[in-house]
Amino acid sequence: MRAAVSCVGLLVSLLLRPAWALETLVAHYGDIIKIPCNRGAPKPANLIFTKWKYDKSGGNTGDLVKIKDSNITVMATDEYQGRVSIAPDFSLLISSAALGDQRKFTCMRASADDIFEYPVHVQVLKPPSVVEILYWPTRLDTGKLTQVGECSAKEANPAANITWYKNDQVLVADGKEVIIITSVNKHHETGLSSTSSILRYSASKRDVDANFTCRASNLTSAPVSFLITYPPQKVTLHVTPSGPLKEGDNVTLRCSADGNPPPSRYIIHLKNQEVMVEDSYTLTMVKRSHSGEYHCSPADNSSLLDSQTLEVLYLDISLNPSGRVDRTTGSSLAVLLQTNASGEPTVSWTKNKARLTAEPQFDQLKFSDSGLYECEVAIEGLIRRSSFILDVQGPPVIRSVDENQEIGGKHKNLSCEVEGSPKPSIQWSVNGTKVEEITHADGRVTQTLTLIPKENLTVTCFVKNHLGQEARSIDVSSVLIDGADGMTNQGPREHSNAQRQAVGAVVGLILCALTLAVIYWIYWTKSSQGSWRTGENGTTEEKRKLEEEQKAKV
């Protein structure tokens with residue numbers, strides 16, 4: 001009777017005790033599920049037994065394990081047979097977690113005073129076995145809604161949520177340019193879910209080299225990229241070289257467009273024809289007739305074109321005279337330079353490579369006008385040159401004959417400066433110790449004669465060519481020296497005394513002549529009045545004889 005009363009009391013207290021809060025324990029698919037009893041709290045002192053049970057479908061429960069004292073009795077059947085065990089702390093261990101283990105497990109503890117139940121709900125999670133993009137195309141056309149691919153996240157629990165990314169930026173469906181269609185299939189045996197997400201996308205030129213990926217449960221697929229194709233919207237005609245063109249250059253016309261892929265053929269519209277090329281056409285040795293407008297367009301779209309204007313620079317010159325020009329001194333020569341150019345040219349002149357300040361004009365030619373005359377005409381890198389050689393010819397002309405005594409007085413240098421063309425020959429009337437000749441840039445010739453005059457000389461310079469000749473003389477005083485033949489150089493004092501003696505002799509001769517002239521004049525006066533003895537006039541014969549006598553004396 002007492003036992004029956006205790007049992008009834010236990011049932012009443014169990015029914016009146018408030019329900020224990022349901023906990024959720026997360027387990028991973030395939031792992032061991034460990035479910036602690038009463039969150040791992042120590043067992044009560046008057047514990048009679050502990051039992052684990054689980055909820056079956058249909059509202060029934062099933063027993064798994066019972067522990068009394070140190071005896072453990074496994075009562076599991078069905079899918080838990082051979083899968084359950086007890087840990088030392090009375091936790092329930094379930095091997096090979098499966099989706100069928102997602103249910104409520106209850107730890108029941110019975111003591112002499114009370115019965116306690118600690119329910120735990122188990123949730124089994126499984127990430128997808130693989131996340132990948134399937135069935136992607138090789139190219140996407142801009143402006144066209146195209147299926148980019150199908151992202152598959154297989155065998156997951158719960159079903160995986162798939163997110164699409166472009167260059168690591170989330171793609172959000174807008175129903176126009178981005179459409180995402182998602183579906184989930186559950187395996188009838190394992191209960192695992194496979195999620196499929198199809199992305200349809202309208203690409204633009206900005207998507208060139210873009211990477212598309214999808215992610216699910218922290219797993220990311222391998223990236224895929226596409227050839228983004230779009231028709232050309234702009235065509236460009238390039239001209240190489242890009243600078244000014246001149247006659248004789250080679251010019252390449254290159255056509256390009258922004259389409260992807262670019263057009264494989266272009267039409268280049270020349271001045272009088274159309275040429276189909278892959279991308280370029282070269283004009284060789286261009287002429288002024290190539291100047292004009294050129295166009296290019298894709299072969300399949302003639303309405304899309306670009307144009308460039310070519311201007312070929314040209315320069316023609318005509319110089320009169322040219323070649324070799326022979327003229328005589330005193331004559332005139334007209335120089336005429338004519339140009340025909342695509343612009344205003346610059347003209348420069350040189351004579352014998354030295355720059356001139358103006359175009360040469362010759363009203364009265366001189367020997368010094370002879371030389372090589374060159375003109376250079378330029379316009380924007382185009383250069384033309386022409387030249388003539390002027391040879392002014394005439395009989396030789398002696399410009400100067402000079403004397404120069406060397407320091408020390410031993411030698412004298414005579415120089416004869418001559419102009420003439422053809423080049424004249426130069427000769428001296430005396431021989432010297434050395435002859436040197438220098439030809440100057442302006443056509444002058446100077447010849448120097450070195451000599452030692454031992455007496456006063458008159459030296460003549462003779463010049464001659466086939467057009468004429470000329471001579472000029474110079475008086476050269478002697479150089480008084482004593483040399484190795486017994487003579488010695490006079491000093492400065494001796495040379496001065498000799499000069500004074502010579503001057504004195506000349507003065508004496510002059511005074512003597514004046515005296516004789518006075519005497520003659522007196523005699524002549526008396527004779528004109530008659531005989532000095534008779535007072536009569538002398539005869540003509542007497543006068544003549546007297547004059548001859550006076551002259552002889554002088």
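Biologist: What is the average pLDDT of the protein?

Modeller: The model is predicted, and the protein averages a pLDDT of 84. Of the residues, 83% score at least 70.

Biologist: Where is confidence lowest, and where is it highest?

Modeller: Helix H1, residues 2-16, has the lowest confidence, with a mean of 42. The highest is in strand E13, residues 163-166, at 97.

Biologist: Over which residues does pLDDT stay under 50?

Modeller: One such stretch is residues 1-18, for which the model has 8 contacts beyond four places in sequence. Residues 482-500 also have a pLDDT below 50, and that stretch has 11 contacts beyond near neighbours in sequence.

Biologist: Why should I be careful with low pLDDT?

Modeller: Where pLDDT is low, the predicted coordinates should not be read in detail.

Biologist: Let us turn to the sheets. What is the strand order in the sheet with E22?

Modeller: The order is E20-E22-E25, in an open sheet of 3 strands with antiparallel pairing. Strands E20 (235-240) and E25 (280-283) each have a single partner strand, so one side of each is left without a neighbour in the sheet. Neighbouring strands of this sheet are turned by 20 degrees against each other on average, direction ignored.

Biologist: How many bridges pair E22 with E25?

Modeller: Strand E22, residues 251-257, pairs with E25 over 4 bridges in the antiparallel sense. Within E25, serine 280 is the residue opposite arginine 254.

Biologist: What joins E6 to E7?

Modeller: E6 and strand E7, residues 92-94, run antiparallel and are joined by 3 bridges. Isoleucine 94 in E7 stands opposite valine 84.

Biologist: Moving on, which residue in E41 is the bridge partner of cysteine 461?

Modeller: The partner is arginine 472. Cysteine 461 lies in E40, where it also stands opposite tryptophan 428.

Biologist: How many bridges join E40 to E41, and how many residues lie between them?

Modeller: E40 (residues 457-465) runs antiparallel to strand E41 (residues 468-476), with 9 bridges joining them. The two form a hairpin with 2 residues between them.

Biologist: How many bridges join E37 to E40?

Modeller: There are 4 bridges between strand E37, residues 425-428, and E40, and these strands run antiparallel.

Methods. Residues numbered from 1 in each chain as written. Predicted model: local features only at pLDDT ≥ 70, side-chain atom pairs only at ≥ 80, totals over all residues. Heavy atoms only, no water. Pairing = 2+ DSSP bridges. Axes fitted to C-alpha atoms, helices over the stretch in contact; angles between N-to-C directions. pLDDT = per-residue confidence, 0-100. Contact = heavy atoms within 4.5 Å.
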